[in-house]
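Subject: Structure handover

Hello,

Here is the structure I promised to pass on. My notes follow below it.

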Amino acid sequence: MFFKGKVKEENPVKLAIIYYSSTGTNYQMAKWAEAAAIEAGADVKLLRIQETAPQEAINSNPAWKAFMEKSKDVPEVQLSDLVWADAFIFSIPTRFGNVPGQVKQFIDTAGGLWYNGKLANKVASAMTSAQNVHGGQEQTLLQIYTTMYHWGVIVATPGYTDPSVFTAGGNPFGTSVTVGKDGQIIEDAKAAVEYQARRTIQVGSWIKAGIQD
Ligand SMILES: Cc1cc2nc3c(=O)[nH]c(=O)nc-3n(C[C@H](O)[C@H](O)[C@H](O)COP(=O)(O)O)c2cc1C
């Protein structure tokens, strides 16, 4: 159950790691997932969801402004990336116990793909952050999973299938973290993120192999 190996190299799982981040937390988690996924042999794209907030709002928060500048070269996720991928990992902040509007705006452009069955039978898991330990992290994960259920995506949560889940705070829905006053992640979450990436790829490889049989 504790998957540490590599997926089949001749037909790697195509993994889209899709994040939204204002101040870098979810970017950090996405980068950890990216490194682990490459190590596991997946074909990986790290993609950011388009920022749609007004420039004045971004400028009013130095951490937000600095992070926008730092991450400007990360490619923006396109609908074609959703079609390309066998599996998704979403990393998104908690906003009032829900997904950020930027994420919802992108998701709501996928109606045509959904209608044409282009999103079904993929695999997904999600990660999130919040300011408070009990700030709605699980609820945010459930919100994005609800969309996955509509898409016909198979949601592959970590559950309690690896010791790293406990070290990171024990969220079986997906890795979730708390952002301290210094803007840094409080929990020791890197191993859990890496494990979640490997597990998403592993389940993705099972589904992909099953579809090809
Ligand atoms: C509009 C808004 C709503 C938020 N709602 C919550 C919340 O419900 N619970 C919480 O603990 N933190 C909340 N936060 C804090 C964010 O979750 C936190 O800034 C985010 O996890 C940082 O992630 P990032 O660095 O990737 O942007 C909110 C922040 C904003 C701007």
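Start with helix 1. Its buried residues are T25, N26, Y27, Q28, M29, A30, W32, A33, E34, A36 and A37. Keep in mind that this is a predicted model.

That makes 11 of its 15 residues buried, so helix 1 is largely enclosed by the rest of the structure. What covers those buried residues? Strand 1, strand 2, strand 3, strand 4, strand 6 (176-178) and helix 9 are among the elements that do. From first C-alpha to last, helix 1 reaches 22 Å, close to the 21 Å expected at 1.5 Å a residue. G41 follows helix 1 and has a positive phi, near 95°.

Next, the core. The largest nonpolar core holds 53 residues, and L15, I17, A33 and A37 touch the most other members. Several elements supply at least two residues each, including strand 1 (14-19), strand 2 (43-48), strand 3 (87-93), helix 5 (101-107) and helix 9 (190-212). Helix 1 gives the largest share, seven residues.

L15 deserves a look in your viewer. Beyond its neighbours within four places in sequence, L15 is in contact with A37, A42, D43, V44, A85, A87, I89, T200, I201 and G204.

Last, the ligand. It is surrounded by 18 residues, and the closest are S21, T23, T25, A130 and G135. Helix 1 and strand 4 each supply at least two residues of that shell. How does the shell divide by residue type? It has four nonpolar, 13 polar and one charged.

Best wishes

Technical notes: Residues are numbered from 1 along each chain as its sequence is written. This is a predicted model: local features need pLDDT of at least 70, side-chain atom pairs count only at pLDDT 80 or more; totals for chains, interfaces and linings use all residues. A nonpolar core is a set of buried Ala, Val, Leu, Ile, Met, Phe, Trp, Tyr and Cys residues joined through C-beta atoms within 7 Å. A residue is buried if 20 or more other C-beta atoms lie within 10 Å of its own, exposed if 12 or fewer, and partly exposed in between; C-beta atoms are placed from the backbone. Helices (H or I, at least four residues) and strands (E, at least two) are DSSP runs, numbered from the N terminus. Two residues are in contact if their C-beta atoms, placed from the backbone, lie within 7 Å. The expected span of a helix is 1.5 Å times one less than its number of residues. A residue is near a molecule or strand if its C-beta atom, placed from the backbone, lies within 6 Å of it. Ala, Val, Leu, Ile, Met, Phe, Trp, Tyr, Cys and Pro count as nonpolar, Asp, Glu, Lys and Arg as charged, and the others, Gly among them, as polar.
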